[in-house]
Amino acid sequence: MAKSRMKRFVVTIALAAGLSSGGMAWADKWSEKYPIKEDIPGPASYEATSKKDYSGRTLTILTHAIPVMGEPTALHAKQFEELTGAKVKVVHVPFGDLFQKAMIPFQTGQAAYDVMFYGSLWIGDFHNYLAPVPGEYIGMPQMQDVTRNYKDVAIWEGRMIQFPVDGDRHYLKYRSDVINNPELRAKYKEKTGKDLRVPQTWKEYAEMARFFNILDCEGDGEKNYGSAEVVARDNLMFSAIISRVAPYAKHPDVKGGFFFDLETMEPLVNTPGWVEGVKDFVEAQDYMPPGGNNFGLGDEIFSFGGGQTLFSYSWDDAFIQAMEPKSRIRNLVGAAPLPGAHKVWNRKTGKWDKFETPNRAPYICWGWTSAVAKASKNKDMAFDYLAFFANPANHQSDLLVGRFGVNPYRTTDFDPKFYIKEAGWAPDVAKTYCATLSGMDKSRNRVFDLRVPGVNQYMSSLAAGVSKALAKQLTPQQAMDEVAAEWKKITERLGKDRVRKAYATVVALEDNLR
């Protein structure tokens, strides 16, 4: 994911650096040398990998800059070298350069890199240049543990061509100490006549955020605010707007496209469901912190994670920031599904449908992934490296290092006991976190990213249009009409049939055809 961002559980420096275990008795010879709790038996374990002999061969890896994903890439590359005798060259580049750094060698037929780590939504541009994951790796227990959503993200036209290493999604974060405070609940009830609870819809989210905006919820003399959101045009705002729009525009009974009508390839971004979400996003500026309408991802992380706002939504970062050992709101936060909507646009009938139980549409957003280049002459070594990178021992260790950017994507990652024991989370926090994340796999009304050729062009256009609505230069409808017109031009330029063929793979995921 374009997540050149601080990430996830900074629980202990000892784990990251492979230092002393602080008195813990290590279980095996591998944990004495490497920063794992113990080697876990399997075809890609330390023991199994040490029996490989790649002496005299060189593996070249393209990855993100250190630390996010770049640091674990380099750590496990060094380990792989020591275990197998291979020489591993790791090339780190900033996120802004990562797409072109991979794409140019692809297009010129060069085998510049054997392994690439990159944003999973680029599969629409990269798929012709990636080697399918061999059956022996798909059959590994560690791969079988990958959840449905992240297997789906790795598959193109029925074949797994990306190797899962990370799991990302958007979900709601909230201050549980505020929501559950008896005095504040009474004030909210008196003012609104409604119960204060975890918001079930975006309208309810807005009502609560407005109520608490500029209140001193903690009695510390500091104002709190309603919501921290990713609003900056060139800092992942396009993903925020997808979360806002999804429950209004993703009708559970209407198939054939969320971004486009698959049959006609007419953009849907200016239909009433999309426009309603943009309206909410524009109005949310009223309950953001000072400067909040220019927040990028880092600002959102530290605003909610630092206790400034009641709500937030996006990737795991803000939640994990709040749960760091020294955080003043550690164990005072909760996780929940993204808010839904009581009305959903039905583009088949041209009318709003009413839902007594709010419609929800989990956003399985893009994150880090990896792949092996089809042109690589070292595919055996490349897939062995990726399997080793993601083996259970490394994965459990990497989950506990916030800056690594490795998030839950396996069934076993959603056991609350892991976070209670290894990260020191309160049981109720661990339970809401695991239930929220694992619950997304059960949804039949999911939204995925627009994984088509030229996705960066489409998302840049979307962000530009929404920015005009935020700045009140255009109404939400005018702004989205402009985006739709630009999307038509992009599609014609890229080739309608080419984009439709790629988009069909997204629709197959969203319509549960696979």
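The exercises below work through a predicted model of one protein.

**Exercise 1. Overall form**

Task: Find which secondary structure elements the protein has, and how its radius of gyration stands against that of a compact globule.

Solution. Start with the elements: the protein has 23 helices and 14 strands. Next take the extent of the chain. The C-alpha atoms fill a box of roughly 70 × 60 × 35 Å along the principal axes. For 514 residues, a compact globule would have a radius of gyration near 24 Å, and the 23 Å of the protein agrees with this. Then turn to burial: 60% of the 514 residues are buried. Last come the contacts. Of those with a separation of 6 or more, 75% are between residues 24 or more positions apart.

**Exercise 2. Aromatic pairs**

Task: Classify the pairs Tyr-137 with Phe-383 and Tyr-205 with Tyr-313, and locate each ring in the chain.

Solution. Two quantities are needed: a pair of aromatic rings is described by the distance of the centres and the angle of the planes. The count for the structure is 47 aromatic pairs. For Tyr-137 and Phe-383, the centres are 5.5 Å apart and the planes are at 35°, and this pair is tilted. Tyr-137 is in helix 7 (residues 135-138) and Phe-383 in helix 17 (residues 379-389), so the pair links parts of the chain 246 residues apart. Both Tyr-137 and Phe-383 are buried.

For Tyr-205 and Tyr-313, the centres are 6.3 Å apart with 75° between the planes. An angle over 60 degrees counts as edge-to-face, so this pair is edge-to-face. Tyr-205 belongs to helix 12 (residues 202-212) and Tyr-313 to strand 8 (residues 309-314), so the pair ties together parts 108 residues apart in sequence. Tyr-205 and Tyr-313 are both buried.

**Exercise 3. Helix 12**

Task: Determine how many residues of helix 12 are buried, and which residue just after helix 12 takes a positive phi.

Solution. Helix 12 is mostly covered, as 8 of its 11 residues are buried. The buried residues include Trp-202, Glu-204, Tyr-205, Met-208 and Phe-212. Moving past the end of helix 12, Ile-214 takes a positive phi of about 65°.

**Exercise 4. The hairpin of strands 10 and 11**

Task: Describe the pairing of strand 10 with strand 11 and find the residue with a positive phi in their hairpin.

Solution. Strand 10 (residues 341-346) and strand 11 (residues 351-359) pair in the antiparallel sense, over 5 bridges. One of the facing pairs is Val-344 with Asp-353 in strand 11. The hairpin has 4 residues between the strands, and Gly-350 takes a positive phi near 70°. A charge over a ring is found too: the charged end of Lys-343 sits over the ring of Trp-352, 4.3 Å from its centre.

**Exercise 5. Cysteines and a loop aspartate**

Task: Find how many disulfides the structure holds, and decide whether Cys-434 and Asp-261 are buried or exposed.

Solution. The structure holds 0 disulfides. For Cys-434, the nearest cysteine sulfur is that of Cys-365, 18 Å away. A disulfide needs sulfur atoms within 2.5 Å, so Cys-434 is in none. Cys-434 has a relative accessible area of 2% and is buried. Cys-217, at 15% relative accessibility, also counts as buried.

Asp-261 lies in the loop between helix 13 (237-249) and helix 14 (272-283). Its relative accessible area is 17%; the cut-off for buried is under 20%, so Asp-261 is buried. Leaving out residues up to four places away in sequence, Asp-261 touches Gly-256, Glu-266, Leu-268 and Arg-347.

How values were computed
Residues are numbered from 1 along each chain as its sequence is written. This is a predicted model: local features need pLDDT of at least 70, side-chain atom pairs count only at pLDDT 80 or more; totals for chains, interfaces and linings use all residues. Side-chain values use heavy atoms; hydrogens and water are left out. Rings of Phe, Tyr and Trp (its six-membered ring) pair if their centres lie within 6.5 Å; planes under 30 degrees apart count as stacked, over 60 as edge-to-face and the rest as tilted. Helices (H or I, at least four residues) and strands (E, at least two) are DSSP runs, numbered from the N terminus. Buried means under 20% relative accessible area, exposed over 50%, partly exposed in between (1.4 Å probe, protein chains only). A charge sits over a ring if NZ of Lys or CZ of Arg is within 6 Å of the ring centre and within 35 degrees of the ring normal. Two strands pair if DSSP finds at least two bridges between them. The radius of gyration is taken over C-alpha atoms; the globule rule is 2.2 Å times the number of residues to the power 0.38. Contact means heavy atoms within 4.5 Å.
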